[in-house]
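Me: I'm new to this one. Can we walk through it together?
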Amino acid sequence: MSVELNHTIVHARDNRESAEFLAGILGLEVGPEWGPFIPVATSNGVTLDFASVPEESITMQHYAFLVSDDEFDAAFERIGRSGITYYADPRMKQPGEINHHHGGRGLYFLDPAGHGMEIITRPYGSHATTPGS
């Protein structure tokens, strides 16, 4: 058996709110509550298990999701309809823009707990880059 990431725990102020937020943006399903967790599974079998913790215990994390061009378009439309601020860069200096790194498209946004979420259509390093790309 090869090593694969199976699941990770994502700290949230409200586990259901954060799980439903991400699932709604990405067009995924929220799984049934399991103990203190609300799971959201991705198509490659990795589950994000959202757990409610005290707000002061939350440390911002970054989660990047590789999506198809059609999935990007759908997520981008949902982000726009929801009025969510998105950025072309992880430092959030380019609001309202997307990037075109690695021959694809990408953007960043925050979830309700303040985690940095990223959607990309091409994996990093998949395309020759030029300065500024």
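Me: What do the buried residues of α2 pack against?
Reply: This is a predicted model, to start with. In it, the buried residues of α2 pack against α1 (15-26), β5 (86-87), β6 (106-110) and β7 (116-120).

Me: Which residues of α2 are buried?
Reply: F72, A75 and I79 are buried there. Seen down the axis of α2, the buried residues fall within an arc of 70°, so they line one face of the helix.

Me: And which exposed residues does the face turned away from that buried side carry?
Reply: That face of α2 carries D70 and R81, both exposed.

Me: What span should α2 have, and how far apart are its end C-alpha atoms?
Reply: Helix α2 covers residues 69-82, which is 14 residues. At 1.5 Å a residue, it should span 20 Å. The end C-alpha atoms are 20 Å apart, so the two agree.

Me: What follows α2?
Reply: G83 does. Its phi is positive, near 70°.

Me: New topic: T47. Where is it found?
Reply: T47 sits in strand β3, which runs over residues 47-52.

Me: Is T47 buried or exposed?
Reply: T47 is buried. Its relative accessible area is 18%, and buried means under 20%.

Me: Which residues is T47 in contact with, leaving aside neighbours within four places in sequence?
Reply: T47 is in contact with N6, H7 and T8, and also with P39, V40 and A41.

Me: How far apart are T47 and G31 in space?
Reply: They are 9.5 Å apart, C-alpha to C-alpha. In sequence, T47 and G31 are 16 residues apart.

Key:
Residues are numbered from 1 along each chain as its sequence is written. This is a predicted model: local features need pLDDT of at least 70, side-chain atom pairs count only at pLDDT 80 or more; totals for chains, interfaces and linings use all residues. Side-chain values use heavy atoms; hydrogens and water are left out. Helices (H or I, at least four residues) and strands (E, at least two) are DSSP runs, numbered from the N terminus. The expected span of a helix is 1.5 Å times one less than its number of residues. Buried means under 20% relative accessible area, exposed over 50%, partly exposed in between (1.4 Å probe, protein chains only). The arc is that of the directions from the helix axis to the C-beta atoms. Contact means heavy atoms within 4.5 Å.
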